[in-house]
Amino acid sequence: MSLQDFLASLDALQCDAQSAFDSADDAESFEAARVAFTGAKKGRLKDVQKQMGAVPNEEKKTAGLKLNEVKSAIQTALETAQSRLGGGDDSGVDPTFDPTLPGNRPIIGHIHPITQTINHLMEIMGRMGFEAAEGPEVEDPWHNFVALNIPEDHPARDPLDNFYLATAAAAKADRNVEGEQLLRSQTSTVQIRIMEERQPPIRIISLGRVYRPDQPDATHFPMFHQMEGLLVDKNVTMANLKTVLRVFATNYLGDDVEIRFRPSFFPFTEPSVEVDFLWDGTWIEFGGAGMIDPNVFKAVGYDPDEVSGFAFGLGVERLCMRRHGITDIRDLYSGDLRFLRQF
Ligand code: DAH
């Protein structure tokens, strides 16, 4: 074969390869061009390379130079097509990657049912004009007991019924220790803190944790939450209290909720009631309420002849359980995601 013929077939090859790669518009036509021109067995480049053997020896150098030029032109055409089509074996894309498979979902947490309940209760009470207030979980005996009309020798102050933080010596003494502290046993403490800071009219709720050394069972846990309510103004009556609690209950538990007020006793209210809701045919106690005792007003420096008010304290866990049909309070604190994911 003459040099001229060889060079001519190289030109034709380059020209054909260029247009084949340029016009490849999918993986299939690209692959067809790749096999046709650069395939190791039947590719046209291979054929032309073989023909070089027939070129006279003294012209092999020129033929070889041209062959290399054409080879690299074809390689460039191939790579250009490959990157244009976004595929190919050495594009860096894993050929086993299947973009249609579902991805790995990141685990995103969500709000705990008790926090959801607290937010819901704040919203309902907020619509009745009750502002959310906060108080500390570590309290002193004044706010947890004395100002709430629970005197020093009252059984409610027993160390066995409370989590005192004082030193062993202080706890053993008659609890008349300077600086004595305990985990609050009720959110009623916040009533005192707010009344000490502000003047009537007052309309607040306070939602938070309280602590009692109770043995855990389906309805008890040593830590739980309460919603405390306090309204102080002029001429407040028991009818106002009952209305607020009834409106709250129908909003949170539904129009058909049945509510019962049972005469009771709390040191900080007079008269006092326990608040029950019907739950699957049984009356269940959800908390206490009453008209603020004059001694409490005196403790915070209000004149009991001038102002009157009511207060209530309801168990948040119990409300949440009644609404969602939860039968064991411990489920709320198990950390079991199969339970928590239902909310
Ligand atoms: N603090 C009471 C308790 O934990 C509940 C309670 C009763 C709160 C009467 C009140 C109230 O505000 O007026 O058992």
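Two strands pair if DSSP finds at least two bridges between them, and strands here are DSSP runs of at least two residues, labelled E and numbered from the N terminus.

With that in hand, select Ile259. Its bridge partner in E7 is Phe277. Now widen the selection to strand E6 (residues 259–266) and strand E7 (residues 269–279): the two run antiparallel and are joined by seven bridges. Together E6 and E7 make a hairpin, with two residues between them.

A word on the model: it is predicted, so local features need pLDDT of at least 70 and side-chain atom pairs pLDDT 80 or more, while totals for chains, interfaces and linings use all residues. Residues are numbered from 1 along each chain as its sequence is written, and side-chain values use heavy atoms, without hydrogens and water.

Now zoom in on the polar contacts (N or O atom pairs within 3.5 Å):

- Gln186: a side-chain N or O atom is 2.7 Å from a nitrogen atom of the ligand.
- Arg212: a side-chain N or O atom is 2.6 Å from an oxygen atom of the ligand.
- Phe312: a backbone N or O atom is 3.3 Å from an oxygen atom of the ligand.

Taken alone, the ligand exposes 360 Å² (Shrake-Rupley, 1.4 Å probe), and the protein buries 90% of that.

Notes: Polar contact = N/O pair within 3.5 Å; in protein donor to acceptor, adjacent residues only side chain to side chain. Helix = DSSP H or I, 4+ residues; strand = E, 2+ residues; numbered from the N terminus.
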